[in-house]
Amino acid sequence: MLFAAGIALLERRATNRSRRSSNAHLTPLAPKIVMVPPAGVFAGPVTVTVLIPAHNEALSLPVTLASLLTQSHPPERVIVVADNCTDDTVTIARAHGVEVVESVGNTQKKAGALNQALKRVLPGQLDNDVVMIMDADTALDDGFLAEAVTRFTSDRALMAIGGLFYGEPGFGLLGLLQRNEYVRYSRELARRRGRVFVLTGTASLFRPLALRSVAENRGVTIPGVPGDVYDTYALTEDNELTLALKSLGGLITSPTQCTVVTELMPTLPALWQQRLRWQRGALENIGTYGLTPATLRYWAQQLGIGYSVIALTSFLSLMVLTLLAVSTWIWFPFWLCLGLVFVTERVVTVWKGGWRARLLAVTVLPELCFDMFLNVVYVKGIVDITLGRQADWEHASRQVGTGSAA
């Protein structure tokens, strides 16, 4: 508890110092700097340009586009960034009346395709325009864009808004475990009052100033290739972009009203592939940035995961050893009360997920097994980085021919 409190205080101190910074070289996106020009000048209403990177997303793209075009505040412009597609992604996009930009000679996957599209889009963006990046397997809840536009309109210092995601229905026990995980994550963000861990790739909005500043500072004050918005060497480009914006002093948030439905992994192999990319990407990103005020919280988070691996493994091992060693089981009220507190916490944190989520939380064992699965993923990521194994894999596929899930 003391460790967590210390990290929280240090994070708050670093955030406040960043917001008050007047160093235009190190923190060009700090509110104290971006609020100066042009003070008091109306730059017009906020407009939204949406970029949807898509590689063979013919099945999921119609739902994504429908959720966009039926928003209470629809976007002014929608562009599908078709990257090396061999299915009907381009045809479907054009049939929905949206623009299509096809990547040219891209070998750097999603990040490379987005960099090409942003180099075409950003020059025409004005002060009150915002750019939204969203996955082609995601559907926005109604009111998402209206809330985001209201936030950008009322706070000129706000540089980015990230969505809160929850899982689609289906996929049995494995799907329910993932949905419970996402519900807990959203609850944690709500308790942090929108202070962002990651500007999720499922759906996030950015001021052009923020994206231009990232591109200008690549290779100078933040890692990456000069001129690129997205770091093409990062396995988790959304996490890396979050670190970049925080390092430059940008003010970002994730409002609880901005929610999206995202795809889940239907099988353990697909989930393993997805989570290994996420975990290794997170570790490599903080390693690239080093220990700084902007990354302190992320280092603490990874250390906390490492501790949980040791603690949970030790707990389960000791439980098994105890069961094998004793002939008579004795119930201790003190430990029963602690166990009850643990179970209550598991249920309360997934309450919004519905009765199935609560029932799964009460049973405890399935979620403990899921936690152990994630712990093994963490250890695998550490081992791969330690041994210098090259990370070279595609995004986790749901099934052949349906594209990829972020």
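**Exercise 1.** Is Glu181 buried, partly exposed or exposed?

*Solution.* Start with the number: Glu181 has 24% relative accessibility. Next, recall the scale: buried means under 20% relative accessible area, exposed over 50%, and partly exposed in between (1.4 Å probe, protein chains only). Glu181 therefore counts as partly exposed.

A word on the model before we go on. This is a predicted model, in which local features need pLDDT of at least 70 and side-chain atom pairs count only at pLDDT 80 or more, while totals for chains, interfaces and linings use all residues. Residues are numbered from 1 along each chain as its sequence is written, and side-chain values use heavy atoms, leaving out hydrogens and water.

**Exercise 2.** Find the salt-bridge partner of Glu181 and say which parts the pair ties together.

*Solution.* First, the rule: a salt bridge is a side-chain nitrogen of Lys or Arg within 4 Å of a carboxyl oxygen of Asp or Glu. Glu181 pairs with Arg275, with 2.8 Å between the closest N and O atoms. Now place both residues: Glu181 lies in helix H7 (residues 172-191) and Arg275 in helix H10 (residues 268-289), so the pair ties together parts 94 residues apart in sequence. Helices here are DSSP runs (H or I, at least four residues), numbered from the N terminus. Finally, check Arg275: at 5% relative accessibility, Arg275 counts as buried.

**Exercise 3.** Work out how Glu284 and Arg280 are placed in their helix.

*Solution.* These two form a salt bridge, their closest N and O atoms being 2.7 Å apart. Both lie in helix H10, four residues apart, which is about one turn of the helix. Glu284 is partly exposed at 25% relative accessibility, whereas Arg280 is buried at 5%.

Technical notes: Helix = DSSP H or I, 4+ residues; strand = E, 2+ residues; numbered from the N terminus.
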